[in-house]
Amino acid sequence: MRTIQALAVVTAVAVSHTAHAQRIEIPHHQDRPPGPALSPDEAIAKITVPEGFRVELVAAEPDVVNPIAMCFDERGRVWITESLEYPRSSPGPGRDRVKVLEDTDRDGRADRVTVFADGLNIPSGIAVGYGGVWVANAPDILFLQDTDGDGKADTREVVVTGFGRHDTHELPNSLTWGPDGWLYGLNGVFNPAHVRYPEGNPNYDPQHPGWKFTCAMFRVHPRTRRFEVFAEGTSNPWGIAFDSEGSAFVSACVIDHLWHIVETGYYHRQAGAYPPHTWKIESIVDHKHQKAAYCGLCYFDSDAYPPEYRGLMYMGNIHGGCINVDRLRRAGSTYRATAEPDFLTANDAWFMPVSQKVGPDGCLYILDWYDRYHCYQDARRDPEGIDRLKGRLYRVRYEDSPRAPRLDLAKETDEQLIARLGSPNVYFRETAQRLLAERANPLVLPRLDEIIFDVRGHEQRANQQLPLAQRMHALWTRTSIAPPDDDFLRNLAHAYDEPVYRAWFYRVAGDLWPDLDGEAWQKRVDALLTWDTPRDPRVALEQIIAGSKRGRGPYTWQLSLFPEDPLIARIVWRHLKTILQQNPERWHLALYRSVDEEVDLTGRLSPLLARSLAVMTETSGVDGSRIGYVLDLILQSSDVPVPVKQECLSTVAESIRNGMLQDERVQAFRKALESGDALRSVNRWQPALRHEATMLRVLWGEKSLRGELADLFLNAKLDDKTRLDALRTSIAVHDESLLAAVDDVLSEPDAEFRAEVIAILGRHSAPGVADLLLEHYDAFEPEMRPKVIETLTQRAAWSKRLLSAIGEKQVPADALNANQVRRLLEQDDPELAAAVRRHWGTVRTERNPARERIVAEMRDFLKKNAGDPHQGLAVYKKVCGQCHKIYGEGQEVGPDITTNGRGSFEQLLSNVFDPNLVIGAAYQAQTVVTTEGRVLNGLVVEDNDQRIVLKMQGGKLETIPRGDVEISKQSKLSMMPEDLEKQLKPEEIADLFAFLTLTRPPSDPEARKLPLTEAKP
């Protein structure tokens, strides 16, 4: 988790807390100095939990220090990983270890501690099973075994390798056994991985390209050692849980905190590039808890607690110092979560809950990395200030719930373990399932079938006399023991009274018969079904995922059955993209059949129509005529809403404007579209589409219509998009006559519209653009001027004109930030470089270590100068709002700083004046030089064989076809310039900080200073 960032250990030598408290008095995301560390008893005395509950200590330092991860084994023992090496980025042996904690006298306290393995280096995840211990120890996932019974690991297998250590707060973590018998884990957004099989893995192939990813959920099969990326996205996820239906959930940092994860899904990313044309999946929450730093996730299901505390998600909130709780409810094929009252509040800034698990006694166990520093910023700035010799393991017990008895489930019979599948304590259900799967005894299969199905009738149906949780664990056990036979699969598929069974039929089938091609696989599946139209969105979702994994689809019928489902359309699209690139005629045929049906289904496919055209136009292998035929079908359909038809026309037009659809393909598209009836119908009967059709016709070469573009652009009664598209179209066909119209528009009152116009002018190559913008510069609002500078620094000729204006004092030199000045040098123009040296001297290309001195100077200045937050809002709009949002104001390029980056005055100072101190790779700027000499700078949204998409200052997305890219390189610096104090007057700095340190906008009467963010003398 990036903002914890989940871990907090650096060295192995103790240091004085007092000395380091002077370095960082108020750590990041804390509201006050944390004070001295508390003893375990003192810490427990301060913890608050609901009535009837109490917190008990299971283990503490020195038995537990710097704990990261934990799990329970079949004997009820706790396995933990400890790290003294954090935040070491280099791989190789270290001083970290795996420990086993055991309560031998059953009094609730661990009294035996054994070091199972050492020599590790930030072991960030652990799971016990299949004869050994699985440990995430980047770059590897290890399998450790004790083969001689002495309690120590004596063999070490590298299962897979290639996890990064670029950011050691985001290492592979949360190793968790899934209901399907695979071992699942997570990886963070700022930690690039290139996972491969080592030579010892049975799947090793020297030609295999491996898997490249950042934020993702992955899985490993314990028998075959097969590795898969299960889904991608989120931020730094740290915590996996599965509910009673086997659905996967993760907790994440910075962005929303809870996510329902399905196989093949692609989720919102905190940062970094998406694959082409991603339709991202969002979180399942609309609410937030105290602070966005989560570590650990537990689906709690145990009769040791009252019913109102069961079936809930419990999450560790690092910065909030508590355990948050969410309640799940079904929402079609996915879920929505709502907030419940916090379960535990530590009232101690040192509390860092990194993992939560249900134990054999049914209680919630909480592993506490006990440290005054929570954030990676503090770890980087003051590595010696981190406490390295503390850690706690707590149990939250309800009243006098019984202690766990002495047990060893590995010694129980198969029948005893099968009975455990019905335990009200999820620990016993999950552990019994794992052990039965490990034994893989085929003789237990009939007994499991009796739990899953009601065999009294002629047809086997779901055995609803037993609890769903028991039946599902029996189902998962059976399918993990061995590939199920056709009879079992047929019964599962025909369980129409239990949709979750049918959903799992498809989930199981998706991994069966790997040697069959997609068509043969589909025949095997069809042979097991009597009919295949899902009545439940859960079934439809898994049907789509399973078939798409085997190359089937496009599954338009499933989407039409559940058109409002928030997840199904995105999963259909995830796989339809591939079909559109490799076999677009399948999509064309699907649309043709939809239009030809008695009930037109094309309208129900509306969310996919414009997206499908974008992929087809940007895939060079798709013939232009095919695009024309598809657009013709869409325009003909009476079921497709007019706004969707407008979007489809605009999508094709934009692909021509940005050069993704060119030359022969454009003419083939034109011929196909003109051969149908749709375009003639638009001209005659659909006036709402005429403007888009006109622009399309101009783009494919009808010069006689160019005069209409100026009319559209100047018509203030039209919507902004139509007017701006007219400008884009004029620029695309190299028509400079519209520049005169731009002169008039730049005086319009709508600032947002003018800002869009200025950004679009960057596509124009005419020298007159610079003169036009500079002529209006003084009349522009302060927040508009940075947009002018951003545009003028994109082309050498404009930049020279800008520097001339600076020399003539028409524009102040400090109007350019450091990153824009660097961009001038990227244009490889000696005259421009000489002018830069005259105005700015030598420009650094790496972080300036002198920024620490600037931070100190600004700290002293702000202690003595209080600003005006109302004036600060104007300063924010001018310099910060180009890339950041706060209270809904500004552009979403970098993080939203409403909830990020303002936890303390020191953090705010560092983030504003030393932004390159700590920076994730995904927040490093990318510079692209085009073949026509345009220089663009922004964060990468997409980077692939077709195009680069940058999110630039001001929030504008710029698409550059790959063929137009001359140079593309990543900066070592953040997009946020580090010389803000040179751009602002002293009083503006004071005003800006007065604004940034408020809890709400200054116009809100309830606005208050953020706790302890004010600069104190």
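Contact here means heavy atoms within 4.5 Å. I'm working on a predicted model, where local features need pLDDT of at least 70, side-chain atom pairs count only at pLDDT 80 or more, and totals for chains, interfaces and linings use all residues. Residues are numbered from 1 along each chain as its sequence is written, and side-chain values use heavy atoms, with hydrogens and water left out.

**Asp103**

I found Asp103 in the loop between strand 4 (96–102) and strand 5 (112–120); strands are DSSP runs (E, at least two residues), numbered from the N terminus. Setting aside neighbours within four places in sequence, I get contacts from Asp103 to Gly108, Arg109, Ala110 and Asp111. I also see the Asp103 side chain reaching the backbone nitrogen of Asp107 at 3.3 Å.

Asp103 is buried but has no salt bridge. Buried is under 20% relative accessible area (1.4 Å probe, protein chains only); a salt bridge needs a side-chain nitrogen of Lys or Arg within 4 Å of a carboxyl oxygen of Asp or Glu. The nearest side chain of opposite charge, Arg106, sits 4.8 Å away.

**Cysteines**

How many disulfides are in the whole structure? My search found zero, with the cut-off at a pair of cysteine sulfur atoms within 2.5 Å. For Cys215, the closest cysteine sulfur is in Cys253, 12 Å away, so that is too far for a bond. Cys215 is buried at 0% relative accessible area, and Cys880 is buried at 13%.

**Helix 15**

I checked helix 15 (residues 606–618; helices are DSSP runs of H or I, at least four residues) and it is mostly covered, with eleven of its 13 residues buried. Among them are Leu608, Leu609, Leu613, Met616 and Glu618.

Definitions and conventions:
Buried means under 20% relative accessible area, exposed over 50%, partly exposed in between (1.4 Å probe, protein chains only). Lys and Arg count as positive and Asp and Glu as negative; His and the chain ends are not counted. A polar contact is a pair of N or O atoms within 3.5 Å; within protein, one must be able to donate a hydrogen and the other to accept it, and residues adjacent in sequence count only if both atoms are side-chain atoms.
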